2 protein chains.
Amino acid sequence: MSEVEPRAEVEPRTEAGDVLTEVIMRTFRLYGGFLEAAEVMTKPVGLTAAWWQVLGAVLREPLPVSGIAREMSLTRQSVQRIADLLVEKGLAEYLPNPAHKRAKLFRPTAAGYQAVSSLAQAQHAFTNRISAQVDVDDLRTTLKVMERLVKALDADEWPPQDT
Amino acid sequence: MSEVEPRAEVEPRTEAGDVLTEVIMRTFRLYGGFLEAAEVMTKPVGLTAAWWQVLGAVLREPLPVSGIAREMSLTRQSVQRIADLLVEKGLAEYLPNPAHKRAKLFRPTAAGYQAVSSLAQAQHAFTNRISAQVDVDDLRTTLKVMERLVKALDADEWPPQDT
DNA sequence: CAACACTTGACAGTGTGCTGTCAAAATGAC
DNA sequence: GTCATTTTGACAGCACACTGTCAAGTGTTG
């Protein structure tokens, strides 16, 4: 066929690539929609989506702030701010950490547990309601594809070609 | 069957609901991943993901800031800030609007067009690369499901039951 | 034309996440 | 035990999107 032209090489847009572009746009819309739904759910309980997430990370066992950040791949600083707010609102508390003098353990209070468990209710109602409107097998396929995509993205540190 | 117990009614967690919960978590991860990819792509061009989005909205025809905001369901204020920055960087400009004295028309400059078109290249390379790692039919199914979910979310303004 | 409602840009403030820097505490190597 | 490295919390600053308020401009209606 024709020779390679290394400079003017125009990327040819595959069909799969076009579908993925559409998927990406839906991902953004869904992200917004799910976030909004989370805010609707959390409002009556007096939380925000972010607080819910942080509180949810320490339901099973207390963790230092930096540990929470690591577990959900956020920065210490973001989690710290929210954790302080949660303590201020009485939904969580800091415990002395026998293993580390600075890194106090973070844990929900009774009020915190109660808020989260009532949110779990709302969340199940929500996911049941929405998922009832799609084919379950297709939904499983979707989950499988999304897992593949997450993996592909993680592996795609955009290796600068052949270096 | 058993009578209705309107108060203590515990939501029973359907299987589809559980799958959707997983899908939601992947949605958040993918959102983060795609956003990061966009930032990697835009950095060499001197843009950010948000700037790209705003610039992309006026490729075909100039629009006032409020029109852009409306088209991409953002607030006027967010778009205004970015539009001002883009003008400051010489990537876009304001034109007098014959139809409205205050609402100037926003449009990319030649430099802006060039930046966006080079980004289109990078974006195609990216989507081709990633989409090659999943089954195309499954990807189409995913798109279909996501469209259904977007629709379901939009319709789910959480109508307070029967009011 | 006058009075009204709506749109628009400007300005101020909030929430969420990020990066960067610093010092104290903990850890690991020697 | 000592010293360099890493982890951690605290503090400061930035990007992005939001809400709310105000005045100027536009349009609609009587």
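A salt bridge is here a side-chain nitrogen of Lys or Arg within 4 Å of a carboxyl oxygen of Asp or Glu, and ten of these are counted between chain B and chain A of this predicted model. One of them joins A:Glu15 to B:Arg140, whose closest N and O atoms are 2.8 Å apart. On the side of chain B that touches chain A, the elements giving two or more residues are helix H1 (15–42), helix H5 (110–131) and helix H6 (136–155) of chain B, helices being DSSP runs of H or I of at least four residues, numbered from the N terminus. H1(B) provides the largest share, 19 residues.

Taking contact as heavy atoms within 4.5 Å, 57 residues of chain B meet 57 residues of chain A. Because 98% of the interface residues of chain B are also interface residues in chain A, the copies meet through the same surface. The area buried between them, that is, the accessible area (1.4 Å probe) that the two parts lose on being put together, summed over both, is about 6,100 Å², with carbon and sulfur atoms giving 71%.

When superposed by least squares on the C-alpha atoms of residues with pLDDT of at least 70 in both, chain B is brought onto chain A by a rotation of 180 degrees with 0.1 Å of shift along the axis (RMSD 0.1 Å). The two copies are thus related as by a two-fold rotation axis, and in chain B the C-alpha nearest that axis belongs to B:Thr142, at 2.3 Å.

Residues are numbered from 1 along each chain as its sequence is written, and chains are lettered from A in the order in which they are written. Local features need pLDDT of at least 70 and side-chain atom pairs count only at pLDDT 80 or more, whereas totals for chains, interfaces and linings use all residues; side-chain values use heavy atoms, with hydrogens and water left out.
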